[in-house]
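Subject: Structure handover

Hello,

Here is the structure I said I would pass on. My notes on it follow below the display.

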Amino acid sequence: MDLRITDPEFMQRFEHFAFEEVPHEDGQQLDDETRYMAILAALMGCQGIDEYYFVLPRALDAGLSPIAVKEIAYQGVDYLGIGRILPFLNATNEILAARGVSLPLEGQCATTLENRLEKGAEAQAEIFGEHMKEAWRAGHINRWLAANCFGDYYTRSGLSLAEREMITFCFLAAQGGCEPQLVAHAAGNMNLGNDKDFLVRVVSQCLPYIGYPRSLNAITCVNKADEARKEQMNMKKETKSLFPVGGPNEAFAEYFVGKSYLNMLTTEGVPIGNVTFEPGCRNNWHIHKADQGGGQILLCTDGRGWYQEWGKDARELRPGDVVVIPAGVKHWHGAAKDSWFTHLAVEVPGENAESQWLEPVDAADYDALK
């Protein structure tokens with residue numbers, strides 16, 4: 001049914017807003033291909049399949065390649081699930097076939113089943129920082145994220161890494177309820193050159209398709225990521241750490257109270273990470289487990305912090321202090337309430353070594369430390 005006939009007043013206003021006012025808003029414009037990539041990803045995110053049938057032909061007419069369209073749908077599986085992407089993939093195939101495009105398209109896969117984890121971790125590190133090279137070790141979901149999401153999809157050709165991070169931002173913004181991930185991916189976009197101004201323009205061009213609440217939430221997340229980025233830059237200027245401060249420690253954020261930053265100095269042989277805690281930040285109780293060997297050594301380089309083993313008094317840490325943590329010992333470490341704190345975390349090689357994360361440190365017990 002033609003809405004221009006059944007709902008002429010509504011369609012007059014919607015079409016003017018979506019097709020004239022928004023695309024040509026001064027200071028909020030995008031080139032056609034980028035604009036349509038964002039809109040198609042947003043329609044997948046908000047499940048706008050009927051509008052997708054209308055927009056996709058326009059996107060192809062504007063120069064967006066069939067390969068780019070397919071890559072958007074493929075990557076959407078990791079952020080929306082196959083159940084929500086399948087109708088869009090079928091619609092894409094239907095529209096492309098009707099236009100005489102031969103399917104399947106040329107393959108874009110750039111990894112093997114043997115190297116997808118390694119290549120995926122490298123892609124994560126390029127977007128979010130070197131600390132992500134070891135993030136997959138935090139658990140099986142993290143390993144799947146590196147191997148499947150990033151290794152299987154982000155590494156593919158057909159879209160640049162910056163374009164892939166942009167469409168991920170659109171998937172998350174459009175579906176709503178993913179604000180923590182949206183802040184992280186806004187930061188990832190900024191790391192790849194998709195700055196705050198660009199992301200605001202992306203949200204603006206998607207607004208007619210996802211509505212005001214989710215658009216305003218997305219802008220809030222962009223602002224949070226930008227503020228955190230500025231705060232991190234200021235912190236880097238203030239800290240006197242011997243080694244460069246890494247990016248936000250997103251991969252392990254759920255196991256920390258407060259903000260921390262991680263720079264993996266090396267992952268070869270003996271992994272060594274430079275960990276920086278903001279004042280008041282500490283990790284949860286945890287155990288480094290191993291069948292043989294294993295454990296961790298902390299080399300304190302800057303600020304003031306604390307280390308505590310289960311059942312023992314907390315130990316104050318200052319630059320030059322060394323903490324040897326045997327495998328199997330339940331412990332935590334972090335900054336003092338009034339000081340930044342930095343240490344090198346040296347992972348002692350071991351057989352079947354892994355970290356078991358436990359409960360947070362009792363807030364009252366931490367607050368009692370002087």
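Contact, as used in these notes, means heavy atoms within 4.5 Å. This is a predicted model, in which local features need pLDDT of at least 70 and side-chain atom pairs count only at pLDDT 80 or more, while totals for chains, interfaces and linings use all residues. Residues are numbered from 1 along each chain as its sequence is written, and side-chain values use heavy atoms, with hydrogens and water left out.

Overall picture

The protein chain has 13 helices and 15 strands; these are DSSP runs numbered from the N terminus, helices being H or I with at least four residues and strands E with at least two. Its C-alpha trace spans about 75 × 40 × 30 Å along the principal axes. Of its 370 residues, 48% are buried (buried is under 20% relative accessible area, exposed over 50%, partly exposed in between, with a 1.4 Å probe and protein chains only). Taking contacts between residues at least 6 apart in sequence, 72% join residues at least 24 apart.

Ser-260 belongs to strand S3 (residues 260-266). Ser-260 counts as buried because its relative accessibility is 6%. Beyond its neighbours within four places in sequence, Ser-260 touches Gly-247, Pro-248, Asn-249, Thr-276 and Cys-281.

Ile-287 sits in strand S6 (residues 286-289) and is also buried, at a relative accessible area of 16%. Which residues does Ile-287 contact, leaving aside its neighbours within four places in sequence? They are Gly-328, Val-329, Lys-330, Glu-354, Ser-355, Gln-356 and Leu-358. From Ile-287 to Gly-328 the C-alpha distance is 5.6 Å, although 41 residues separate them in sequence.

Loops and surface

Leu-113 is in the loop between helix H6 (82-98) and helix H7 (116-128). With a relative accessible area of 70%, Leu-113 is exposed. Its C-alpha is 9.7 Å from that of Asn-148, which is 35 residues away in sequence.

Phe-243 is in the loop between helix H12 (212-238) and strand S1 (247-248), and counts as partly exposed at 31% relative accessibility. Together with Leu-242 and Leu-265, Phe-243 forms a nonpolar patch on the surface, with about 270 Å² of accessible area in total. Patches consist of residues with over 30% relative accessible area and no salt bridge, where like charges are joined within 9 Å and nonpolar side chains (Val, Leu, Ile, Met, Phe, Trp, Tyr) within 5 Å. Accessible areas come from the Shrake-Rupley method with a 1.4 Å probe, and for residues only the protein chains shown count as cover.

Salt bridges

Side chains of opposite charge can pair when their charged atoms come close. The structure holds 14 salt bridges, each a side-chain nitrogen of Lys or Arg within 4 Å of a carboxyl oxygen of Asp or Glu.

Arg-304 and Glu-316 form one of them, at 3.0 Å from N to O. Arg-304 is in the loop between strand S8 (296-303) and strand S9 (305-309), and Glu-316 is in strand S10 (residues 315-317), twelve residues apart. Arg-304 is buried at 10% relative accessibility, whereas Glu-316 is partly exposed at 34%.

Arg-304 also pairs with Asp-338, with the closest N and O atoms 3.0 Å apart. Asp-338 lies in the loop between strand S12 (331-335) and strand S13 (341-347), so this pair ties together parts that are 34 residues apart in sequence. Asp-338 is exposed, at a relative accessible area of 58%. A network of salt bridges links Arg-304, Glu-316, Arg-318 and Asp-338.

Regards
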